[in-house]
Amino acid sequence: MHHLFIIPALECSSACTYCFTTNVKSPVMGIPVLEKALDIFEQLLDSKADNQDPVITFHGGEPLVAGLEFYRQALPTLKTRLSTRKVIFAIQSNLWLLTADLCDLFREYNVSIGTSLDGPQAINDAQRGAGSYRRTMAGIQLARSHGLNPGCICTFTAQSARRAEDVFDFFLGQGLG
């Protein structure tokens with residue numbers, strides 16, 4: 001598969017101890033910049049003879065900082081421009097800014113949702129900041145209530161690796177893949 005990562009904002013309100021992003025307000029990607037990136041991506045796709053489906057992942061920072069209007073413009077633009085291919089959309093987010101409207105839009109465009117948790121609340125909050133577990137779990141519940149099934153990635157550190165079994169049991173117990 002050919003993968004395009006779109007980073008609509010570098011800013012993130014989470015405070016993960018191991019992350020490169022910043023809490024400082026950053027500009028949000030404009031649609032003209034998105035279209036320019038898509039020009040380059042289309043050239044790459046056209047140069048390949050394999051006709052693999054493109055995967056477009058919104059990443060960050062925190063990609064939901066870009067807001068509902070960004071996605072209302074970006075998703076149809078991407079789908080239209082790549083209409084001769086089966087586009088696979090994904091987003092990797094802490095889900096703190098997820099709304100019902102975004103859920104509906106993501107369901108309409110079949111956007112696969114990924115989030116980040118490092119395990120049970122004590123482990124997660126020690127690595128990602130106090131309150132991050134509660135906020136991410138609220139986003140997961142909101143997504144689920146709108147027919148979306150978020151998956152999770154997990155970062156292990158020297159501290160959390162010692163509790164790997166607890167982390168795996170947590171994900172199994174929560175039904176989080």
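This short talk covers the overall fold of one chain and then two of its residues, Asn-124 and Phe-58.

The structure is a predicted model, in which local features need pLDDT of at least 70, side-chain atom pairs count only at pLDDT 80 or more, and totals for chains, interfaces and linings use all residues. Residues are numbered from 1 along each chain as its sequence is written, and side-chain values use heavy atoms, with hydrogens and water left out.

I begin with the chain. Its secondary structure consists of 7 helices and 5 strands, where helices (H or I, at least four residues) and strands (E, at least two) are DSSP runs numbered from the N terminus. In sequence order the pattern is β-α-β-α-β-α-β-α-α-β-α-α. The chain is as compact as a globular protein of its length, because its radius of gyration is 17 Å, close to the 16 Å that the globule rule gives for 177 residues. That radius is taken over C-alpha atoms, and the rule is 2.2 Å times the number of residues to the power 0.38. Along the principal axes, the C-alpha atoms fill a box of roughly 45 × 35 × 30 Å.

Of the 177 residues, 47% are buried; buried means under 20% relative accessible area, exposed over 50%, and partly exposed in between, with a 1.4 Å probe and protein chains only. As for contacts (heavy atoms within 4.5 Å), residues 24 or more positions apart account for 70% of those with a separation of 6 or more.

I turn now to Asn-124. This residue lies in helix α4, residues 121–128, and counts as buried because its relative accessibility is 0%. The Asn-124 side chain makes a polar contact with the side chain of Asp-125 at 3.3 Å. A polar contact is a pair of N or O atoms within 3.5 Å; within protein, one must be able to donate a hydrogen and the other to accept it, and residues adjacent in sequence count only if both atoms are side-chain atoms. Beyond neighbours within four places in sequence, the contacts of Asn-124 include Ser-116, Asp-118, Ser-132 and Tyr-133.

The second residue is Phe-58, in strand β2, residues 54–58. Is Phe-58 buried or exposed? At 1% relative accessibility, Phe-58 counts as buried. Leaving out residues up to four places away in sequence, Phe-58 touches several others, among them Ile-6, Pro-63, Phe-70, Leu-78 and Ile-91. Finally, Phe-58 and Thr-155 are separated by 97 residues in sequence and by 19 Å in space, C-alpha to C-alpha.
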